[in-house]
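Me: I am new to this structure and would like to know what stands behind the words used for it. Could you take me through them?

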Amino acid sequence: MSAAVGSDPLVPQPYRVTRALRETADTVTLDLEPHRGEVPQFAPGQFNMLYAFGVGEIAISLSGDPADRKRFIHTVRAVGAVSSAIAAMPAGSTVGLRGPFGVAWPLAVAEGADVLLIAGGLGLAPLRPAIHQLIVQRERFRRIIVLVGMRRPEEILYRTQLEQWREQAGIEIEVTVDRSDPAWRGHVGVVPSLIPGLGLDGAATSALICGPEIMMRFTANALRECGVAVERTYVSMERSMKCAVGSCGHCQFGPYFVCKDGPVMRLDRIARLLALREI
Amino acid sequence: MEGIERILLEQPLFRGLEARIGALIAGCARNVRFRSGEEIFREADPADEFYLLRQGRVALEIIEAGRAPARFSTLGPGAILGASWLVPPYRWTFDARALEPIRAIGIDARCLRAKCEADHDLGYELLKRVAAALIQRLHATRLQMLDVYGNRPA
């Protein structure tokens, strides 16, 4: 039985925090289990609405393995009042949860070709479920490349898992940081600067990008210069989601509602909107 | 076509270059290797050779006495290493160190500058290509400075 089946999408269901893993100074990964039953099936790229009772509700991307029906995993960075309240929840706490919602990463369009996933900062979280799924279907893809850009070495998310994937899963993984420290032996520089050195077959590459909008714009430009078509480039948009079902209009982005038409959107459909100064 | 000229024209900086100009540049070029950890050049030294990286990564660092080197960038295959050879006083403004075994094409900067002075078609073509690479690096540096992964005010 699925925890949210038959429930009103606007009514939060109670979930228990069964593990709170500190990733960095301000970022925590929470395992959330329903009080009874399995979690609803989700697709990589989708999000849940998490409700800190008495504080408020925010959209947080799913960052766990879609095959795991026992729990949802969310990586939360403490930025505002709600995210700080959720990130501070110890194991045993109860959080309200609605979802999953939104459009997923279109992994099927990359089948038979190369797939390039590019994450900036916390943008690695919404891409992690896609990596899980690509590994399960490894033989359907040619090169699987993951580029990760982080602020500093100590802020690298899922470090152990990135190492495991690099060594065991047949995935090319490159991590770069904006600011180095004496112990760091990896790349230093912004993530788009890694793209020219990949030797991409641009005509047969699909790209999935998630990170701050500025980073996604620069990344999309670097991809275009390597021949990756905008029609095969997807980005995950971040807007203030409230209802999550396309009713309230809080997340309106031009003619789209990011909660139901996104968060994953094909770049050619929104490139014009990304260039607008006021939207 | 000579080996070095063929390799040179395969580098991103010189892809599609006219054969005559490629031959002129190749006349100043040589294959070079550096061991992992080896210093390639040092701040304030004469910038008399620059490099096109073919294999391995290089760290760019600024040294401050009493502190660990501040590594501000790494470069990999396809990148041009060094720009100070292009403008007076022709001295490096940072250190470059091999992080891995490096294979590169070294280009004698004095030789190339002299050829550019004598042949402005070569000079203009070279400048357009090097400027494009440096502008791309300037854009990347600006993005790096924006600290886009930090907590920025809306």
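Reply: Gladly! Two strands pair if DSSP finds at least two bridges between them, and strands themselves are DSSP runs (E, at least two residues), as helices are (H or I, at least four), numbered from the N terminus. Strand 1 and strand 2 (residues 27-34) of chain A have eight bridges in the antiparallel sense, so they pair by that definition. A:Thr24, for instance, has A:Thr27 in strand 2 of chain A as its bridge partner.

Before we go on: this is a predicted model, in which local features need pLDDT of at least 70 and side-chain atom pairs count only at pLDDT 80 or more, while totals for chains, interfaces and linings use all residues. Residues are numbered from 1 along each chain as its sequence is written, and chains are lettered from A and ligands numbered from 1 in the order in which they are written.

Me: What makes strand 4 and strand 5 of chain A the edges of their sheet?

Reply: Six strands of chain A form an open sheet in the order 4-3-6-1-2-5, with antiparallel pairing. Strand 4 (56-61) and strand 5 each have a single partner strand, so one side of each is left without a neighbour in the sheet. Neighbouring strands here are turned by 40° against each other on average, direction ignored; the axes behind such angles are lines fitted to C-alpha atoms (for helices over the stretch in contact), and angles run from 0 to 180 degrees between N-to-C directions.

Me: What makes strand 4 of chain B largely enclosed?

Reply: A residue is buried if 20 or more other C-beta atoms lie within 10 Å of its own (exposed if 12 or fewer, partly exposed in between), with C-beta atoms placed from the backbone. Four of the five residues of strand 4 (residues 58-62) of chain B are buried, so the rest of the structure largely encloses it. For the whole of chain B, buried residues make up 32%.

Me: Which strands pair with strand 4 of chain B?

Reply: Strand 5 of chain B pairs with strand 4 in the antiparallel sense over five bridges, and B:Leu60 stands opposite B:Ser73 there. Strand 7 (residues 95-98) of chain B also pairs with strand 4 in the antiparallel sense, over four bridges, with B:Asp95 as the bridge partner of B:Glu61.

Me: How many residues of chain B are in contact with chain A?

Reply: 19 residues of chain B are in contact with 21 residues of chain A. Strand 5 (70-75) and helix 4 (120-146) of chain B give two or more residues each to that side.

Terms used:
Contact = placed C-beta atoms within 7 Å.
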